[in-house]
Amino acid sequence: MTAQVDYLVALFTATSGASGELLGSDERELGHLVWQLVDVKNKELGRVNEILIKPDLSDPTEEREEEDVTEESVEEENGSGADCVSTAATFEAALNLFNLQLTNEVNSMGTGTSVCLCTDGQLHIRQVIHPQAASKNILLPDCFYSFLDLRKEFRNHFPTSDLKALNLHSMAESLSTPVDVPATWDPSATPDPSVPLPPEMAVTQVKAMGSIVLALLSEPLCHNFSNPERVSEKFETGTCSKMEKVCDSTVIRARGLPWQSSDQDIARFFRGLNIAKGGAALCLNAQGRRNGEALVRFVSEEHRDLALQRHKHHMGNRYIEVYKATGEDFLKIAGGTSNEAAMFLSREDQIIVRMRGLPFTATHEQVLAFFSPADGLKEPCPVSGGKDGILFVRYPDGRPTGDAFVLFACEEHAQCALRKHKEILGRRYIELFKSTAAEVQQVLNRYSSAPLIPVAPAPLVSMLPAVSLLPPPGGVRDCLRLRGLPYTASIEDILAFLGEFTHDIRPHGVHMVLNQQGRPSGDCFIQMTSAERALQASQRLHKQVMCSQRGANSRYVEVFPCSSEEMGLVLMGGSLSHTHTHTHSRSRSGTGLSPPPCLSPPSYSFAPAPPVLPTDAAALYPPIGQVLLAPRPLPPGHAYYPGAAQLYMNYTAYYPSPPGSPTTVGFFPSPSSLSSPGGLVRMPGLTYSSNGVKDLISAVQGYQQYVPEDALMHAHGAVHAHDPARTLLTQPKEWVCI
């Protein structure tokens, strides 16, 4: 619109909830609709109209219909100061009444026909009128799809003004325009946005808007109201290239969506805000199914900020969480590089249907025949464009994945096609879902560039020696695993549960497994003195009830025998694939040794790496793997774990707890591979800002060339203790292997 409009409608809305900058953020329904007509050419103000909307109390339909029939506008003078006060039973009735009254008043003036709404900010139209109309499936009059923001019009003449700080009082002061305010209201005070606005204030705000509009129209400003804000009537689908630049300040992440929701449902949820073309991208999980999240790109930062105010608004019976996201996040989901997909999606206003579970030998002709009407059926669902309207998803080597996307010309044909859900093609039933352009890009990206199911990440230290994590066959099963412990169970509860078998526990042989948050996982490992006693304990105690002294809850506990190698493997986060031979254990995996949830990081088998040091220089340093994986012993005087035990991560609690037990990830003792004996040096003055092992190696570098068998470096009263195992102990005082 380039020419100035004939009439402006100063519009103000109020709900029963928050007001001011939080208007519409709490999903409260519209309660007041106040407006005043402004004759732009003659610079005259019309009468102030107020429509009161009765709250929705879920009355029966019959009563609602009677109220709508008897509803009439009543002109009266009341305490609010409006010239005409009307009452409407519903939101829809209020909109119809507003449209009727506005049309009649414009026709009565007879000086023009073009009308545009004018509001104080964006919230009245974008956050109140449009969201409520979308939630009630109400078609809005055309006048609500364009409006003038009085604050932006004012800033054209006062560019230093901050939009968020502007209000009607400050604009009136800048224009030296007198505004009538109630005696009980202080215009200079900052109102509380969480408190509903008093009813009489709505009329006052509209009168102030009318005065400000006249001041802008008058000399010396002579403002031209000709560039209204636009509200998108429908969401436009489209494609997005991975090379496109997406601003971080325009993207949000919506979470908690119903799994069957589409991009049109997302656009409906954000009705009133302008989403960029193709800016709604549904996210898929590792199996290619929707995970209830979506990334939405808006046309500007202003619309993104308004979208964040809809956090925990409802879509049906579900509330939707809204968070900030980045442009990179959006491109990962919606961006594509496939020319074939670009050609497929280049046709606008097409409905996309996803087919899943196709036979690998399916052809275009079979898909067309699948959607052809069968004998006796009159519902046609022709594929748009024939073979060109079908896109098969393939792996990079050309093998079919069993997925395809099909285009339909209209919603009626798409709904007819979706009714063929789970019908048979060949020997397989086919799943059909309504899809989006972003989902097409996402599925193609997943299948063509990376495996659909993520693999384990690369090891953090690529130079570690290869370690086989699978236990050797035929290991001695002299350990117990207790699964399903009460979360309040303590060491004492476990000992009471074991009863007579407590005497067969090795020193420090009870390991309470904790998760990464430091909470009990419900699992426990116990090292027994012999395999016979472990088997007897498992046979006698399996599925017996354990009670906790710290809580009233009690649970039956599963007891399995296992080897120390299996214990180490499970604590590392692995799982066992061989069949468990225990007679009374028949778990789903056949072993009873699935790893506890959220245990230590997943285990990897590292490929051998070439040496990082020359042969002559490597003699001065211990092997890198031994430096990084040096085992941690318990202090002298405590029994060690058996030498055959494999290294495993320290996510366990001990019985009894050794003095100064470590609080960070460490390793239990393991047979050392060092060929020569050594000694220990105590270094009590280490700084907390040191670089760890590197500084320690540099400090003792000159002493590593020759160490006699009986040599022992002693500092600060350290106790002489020859230790051929060369173990590294990280306690509050550092013992360093040399």
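Modeller: Gladly! Two strands count as paired if DSSP finds at least two bridges between them. Please keep in mind that this is a predicted model.

Biologist: What makes strand 11 and strand 12 a pair?

Modeller: Strand 11 and strand 12 (residues 290–298) share 5 bridges. The cut-off is at least two bridges, so they count as paired. The sense is antiparallel. In one of the contacts between partners, Leu284 has Arg290 of strand 12 as its bridge partner.

Biologist: Why are strand 11 (275–284) and strand 13 (313–315) called edge strands?

Modeller: The order of this open sheet of 5 strands is 11-12-10-14-13, with antiparallel pairing. Strand 11 and strand 13 each pair on one side only. Neighbouring strands here are turned by 30 degrees against each other on average, direction ignored.

Biologist: Which strands does helix 8 lie across?

Modeller: Helix 8 (residues 301–308) lies across strand 10 (251–255), strand 12 and strand 14 (318–324), at about 140 degrees to strand 14. Helix 9 (residues 327–334) lies across strands 10, 11 and 12, and runs at about 70 degrees to strand 11.

Biologist: How do you know that strand 16 and strand 21 pair?

Modeller: DSSP needs at least two bridges, and strand 16 (residues 351–356) has 5 with strand 21, so the two are paired, in the antiparallel sense. Met355, for instance, has Leu432 in strand 21 as its bridge partner. Both strands belong to an open sheet of 4 strands, ordered 17-18-16-21. Helix 12 (residues 411–418) lies across strand 16, strand 18 (400–408) and strand 21.

How values were computed. Residues numbered from 1 in each chain as written. Predicted model: local features only at pLDDT ≥ 70, side-chain atom pairs only at ≥ 80, totals over all residues. Heavy atoms only, no water. Axes fitted to C-alpha atoms, helices over the stretch in contact; angles between N-to-C directions. Contact = heavy atoms within 4.5 Å.
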